[in-house]
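Student: Please take a close look at one part of this structure. Then connect it, step by step, to what lies around it.

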Amino acid sequence: MVSSFQPKTTPICSSKIVHKSSTLHPQARFVTEKAVCVMFQICVENIYTVECWRYVVYVHGKGLSKFVSYADFPPIIAVGTPTSQDCTKWRKRWRKHHSYTERKHAPHWWAEFFTLQFSAATSESVLQTWWQLITLINFAFSSETLDQLRSSYNQKKTMLWV
């Protein structure tokens with residue numbers, strides 16, 4: 001009798017992020033494929049490459065060819081807390097938005113990104129770490145957006161308890 005056991009392995013996926021400069025930008029640690037997906041509303045399969053140059057990020061994908069500032073990427077928990085220089089660069093970048101309401105806060109897709117990170121959290125400690133990051137950069141969001149993030153955090157927290 002032949003066993004139908006198939007080992008549960010995760011496929012190895014190579015990173016599409018390539019560093020093209022010998023000098024690494026301080027905010028290059030925040031560049032992730034998930035952030036690119038949310039930023040441009042595309043899936044990971046449609047990203048060909050994300051090239052990190054000295055001062056700018058080049059995103060090349062299916063129907064997409066864009067240069068992006070490092071200050072457009074939101075912070076993540078895997079690389080440590082953001083510094084005051086990171087916060088300054090984000091605020092300078094947000095001031096360049098054309099509409100007045102968007103000049104004080106992060107782009108709207110940042111909230112979507114963090115909501116996705118909440119839903120992807122596998123443990124309460126990871127979820128708590130994401131929430132601590134949000135409270136650290138709460139200046140980036142309006143009060144309405146913070147309320148939305150808080151509700152999605154609480155919803156995921158109750159799901160983890162069940």
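Tutor: Start with strand β2, residues 47-52, which is mostly covered: five of its six residues are buried. Keep in mind that this is a predicted model. For comparison with the whole, 40% of the 162 residues of the protein chain count as buried. Strand β2 pairs with β1 in the parallel sense, over three bridges.

Now set β2 in the order of the chain. The protein chain has five helices and four strands, and from the N terminus on its elements run β-α-β-β-β-α-α-α-α. Continue to β3, residues 57-61, and β4: these two strands pair in the antiparallel sense, over five bridges. Within this pair, G61 stands opposite L64 in β4. Two residues lie between the strands of this hairpin, and here G63 takes a positive phi near 70 degrees.

A search of the whole structure finds three salt bridges. In one of them, the side chains of D86 and R29 meet, at 2.4 Å from N to O. This pair links distant parts of the chain, since D86 is in helix α2 and R29 is in the loop between β1 (17-19) and α1 (33-40), 57 residues apart. The two partners differ in cover. D86 counts as buried because its relative accessibility is 2%, and the limit for that label is under 20%. R29 has a relative accessible area of 25%, so it is partly exposed.

R93 forms one with D72, and their closest N and O atoms are 2.9 Å apart. Again the pair links distant parts of the chain: R93 is in helix α2, while D72 is in the loop between β4 (64-68) and α2, 21 residues away. D72, at 13% relative accessibility, counts as buried. R93, with a relative accessible area of 29%, is partly exposed.

The remaining pair to look at is D147 with R150, a salt bridge whose closest N and O atoms are 3.0 Å apart. Both residues are in helix α5 (residues 143-161), and because they are three residues apart, about one helical turn separates them. D147 is partly exposed at 46% relative accessibility. R150 is partly exposed as well, with a relative accessible area of 36%.

Last, go to the outside. K89, R91, K92, R95 and K96 form a positive surface patch. One of these residues, R95, is found in the loop between α2 (84-94) and α3 (108-120). R95 has a relative accessible area of 54% and is therefore exposed, the limit for that label being over 50%.

How values were computed: Residues numbered from 1 in each chain as written. Predicted model: local features only at pLDDT ≥ 70, side-chain atom pairs only at ≥ 80, totals over all residues. Heavy atoms only, no water. Patch = residues over 30% accessible without salt bridge, like charges linked within 9 Å, V, L, I, M, F, W, Y side chains within 5 Å. Areas by Shrake-Rupley, 256 points an atom, 1.4 Å probe, with all protein chains shown as cover. Salt bridge = Lys/Arg side-chain N within 4 Å of Asp/Glu carboxyl O. Lys, Arg positive; Asp, Glu negative; His and termini not counted. Charge placed at Lys NZ, Arg CZ, Asp CG, Glu CD. Buried < 20%, exposed > 50% of the residue type's maximum accessible area, 1.4 Å probe, protein only. Pairing = 2+ DSSP bridges.
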